[in-house]
Amino acid sequence: MPTEQPTVGPSSSPESTPTQPSPEPTTTSVVPSTPGWLSRPAAADSALPWGMVLVAVLILAAAAVGVVWLWRNTGVVERLRARAAHDGPSDDVEPASRTAEIAVVPADAATAVLPAVVPTGGSPTPQGPATPPARAGTATERAAADETVRFLIQLGEAMVDTSSPIAQVNGTLQRIAAVNGLPGTAVVTFPTALMVSVPDGQTVRTAVATAGGRALRLDQVADVLDLAQAAVRGAVRPAEGLDTLRSILDSPAPSTGRRRALGYVVVAAGLSLVLGGGWLDVLLSAVLGGVVSVVTRLTRRMPPVYQGLLTGACAFLVAVPVFLLVRTGLPVGLLAPLVGPLVTFLPGALLTTGVIDLATRQMIAGSARLAAGVMQLVLLALGITAAAGLVGVPATELSSGGGHPLGWAAPWIGVLVYAVGVVLNNDARTETLPWITLVLVVAYAGQVLGGLLLGASVSSFVGALAMTPVAMVAATRRSGPPFLVTFLPGFWVLVPGALGLVGVTSALGAVTDQAITTIVTTGVSMVAICLGVLAGLALGSGLQRRLAPDVPPLI
């Protein structure tokens, strides 16, 4: 069968035989101009507007200058305090702290020494050894130990409910036990259970409790973590801590249901702007966010066993009107109006905390949290896929979206709107709004800069690395909230849950290539966030020790 030969130049002769091919095509085919396994720098292929990049650089530079200023200013304050301590107090002014001092000496099994009372301006007056009956002393010690264990169990359960990493929960409880005279206490924590073991002579007493069954508001998260820090310092004893913890968990919501519903609408609209939605996408996200808020409020007394049904139903309820509007030909994107109203169900914090647990060698807890997060994504994807099948819109279009209505400034405005919604919807205290806004803006600025330099898949590493030290520094300020209060909202801005939702929905829609690509991207993003958080913790721990030495370390 005759074979048609390629033409290699205008001087080609028709007498050329097939057995003698021209060398020019062979030479050009050996070294292609753009090999498939080579890649250009991420900055060269980036489509980010330079205005957005400039704003991100300015924000990160301002945050770095602020941290350096705090570092240097804290050094000056420490030198002034050291000089004042060296000079001593004035003779004509008696400090209030010297009016009475009590030195607490642990009681020994054989001889108990009463505390020495130091009167104002006097010398210690020894009270002498007391010899109470051995049984009374042992009973008192056991009662105190039992009270400490109860406090550890209930506080650990509350810390698990705050979504704290397992390493932080274990470390905090062990420090509290050591402060209260139980240095050999062992703590084992899981996302749904907690065990505390205390040595007791030749035996070991173990207390077990369930955990992870409550969803705490941000004001409760702040109070629980403040109580834990005070207990680590020894400022709160177990009996007082139990009463305080009970009042925190039983405290009513500081705002009304309408305020929280409004906050959810604002959160949905802000996240839709961050995801690149147009004006119609933002409006649709706000309306559907209000619908989801009403549904969740009406079903707040639903047993936990039916929460999965609620998740799938809300996803179906949101997806149906979105797909119907797409069929009309209106300029409606799919990612922004779907993810925005479902933000309360996105397991971004759960997935990332699970990866952090795995990185800190908490294998069981990390695997459990990852499995729970993936299951949440599957439930959401089932509802969206069912809606797509009902309406007729293929799930492959899920990643499409509209343009920014305000250009490159739209995502920054969306971050600010989102911060206000977080405070309103999660009952955070008003004074925490500037700190939450600061951490969110720094996180998004880091993600923008990381996307420019490293690519979209690893951009979340820079975002997590930037926001973690800022959240830790904010926790050292008098008006600043605890670390997790500003840290947890940042996970939604970094959007690992949204990427996972796209991937799982594509898989259920039988779009294998897109599903595999997006799921792999989600996994890379979660690992990148985890590494960024760990690097940020290492960087911020030094700042925290200098700015607030009395604050216990996070991990």
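**Labels and their cut-offs**

User: Why is Trp 412 called buried?

Analyst: Trp 412 has a relative accessibility of 10%. Buried means under 20% relative accessible area, exposed over 50%, and partly exposed in between, with a 1.4 Å probe and protein chains only. The value for Trp 412 is 10%, so Trp 412 counts as buried. This is a predicted model, in which local features need pLDDT of at least 70 and side-chain atom pairs count only at pLDDT 80 or more, while totals for chains, interfaces and linings use all residues. Residues are numbered from 1 along each chain as its sequence is written, and side-chain values use heavy atoms, with hydrogens and water left out.

User: What makes Trp 412 and Tyr 444 an aromatic pair, and which kind is it?

Analyst: Rings of Phe, Tyr and Trp (its six-membered ring) pair if their centres lie within 6.5 Å; planes under 30 degrees apart count as stacked, over 60 as edge-to-face and the rest as tilted. The centres of Trp 412 and Tyr 444 are 5.1 Å apart and the planes are at 90 degrees, which makes the pair edge-to-face. Trp 412 lies in helix H14 (residues 410-425) and Tyr 444 in helix H15 (residues 433-454), so the pair ties together parts that are 32 residues apart in sequence. Helices (H or I, at least four residues) and strands (E, at least two) are DSSP runs, numbered from the N terminus. Tyr 444 is buried too, at 9% relative accessible area.

User: How many aromatic pairs are there, and why is the pair of Phe 483 and Phe 487 called stacked?

Analyst: The structure holds two aromatic pairs. The ring centres of Phe 483 and Phe 487 are 4.6 Å apart and the planes are at 25 degrees, so this pair is stacked. Both residues lie in helix H17 (residues 483-487), four residues apart, about one turn of the helix. Phe 483 is buried at 9% relative accessible area, and Phe 487 counts as buried at 4%.

User: What makes the link between Asp 161 and Arg 214 a polar contact?

Analyst: A polar contact is a pair of N or O atoms within 3.5 Å; within protein, one must be able to donate a hydrogen and the other to accept it, and residues adjacent in sequence count only if both atoms are side-chain atoms. The side chains of Asp 161 and Arg 214 make such a contact at 3.0 Å. Asp 161 is found in helix H4 (residues 134-161) and counts as buried at 8% relative accessibility. Contact in general means heavy atoms within 4.5 Å. Leaving aside neighbours within four places in sequence, Asp 161 is in contact with Ala 211, Gly 212, Gly 213, Arg 214 and Leu 216.

User: Why is Ser 163 called partly exposed, and why is Arg 361 called exposed?

Analyst: Ser 163 has 32% relative accessibility, so Ser 163 falls in the partly exposed range. Arg 361 has 66%, so Arg 361 counts as exposed. Ser 163 lies in the loop between H4 and helix H5 (166-179), and Arg 361 in the loop between helix H12 (348-359) and helix H13 (363-391). Ser 163 has a positive phi of about 70 degrees although it is not a glycine. Phi of Arg 361 is also positive, near 70 degrees, in a residue other than glycine.

User: Where is Gly 277, and is Gly 277 buried or exposed?

Analyst: Gly 277 is in the loop between helix H8 (257-274) and helix H9 (279-298). The relative accessible area of Gly 277 is 0%, so Gly 277 is buried.
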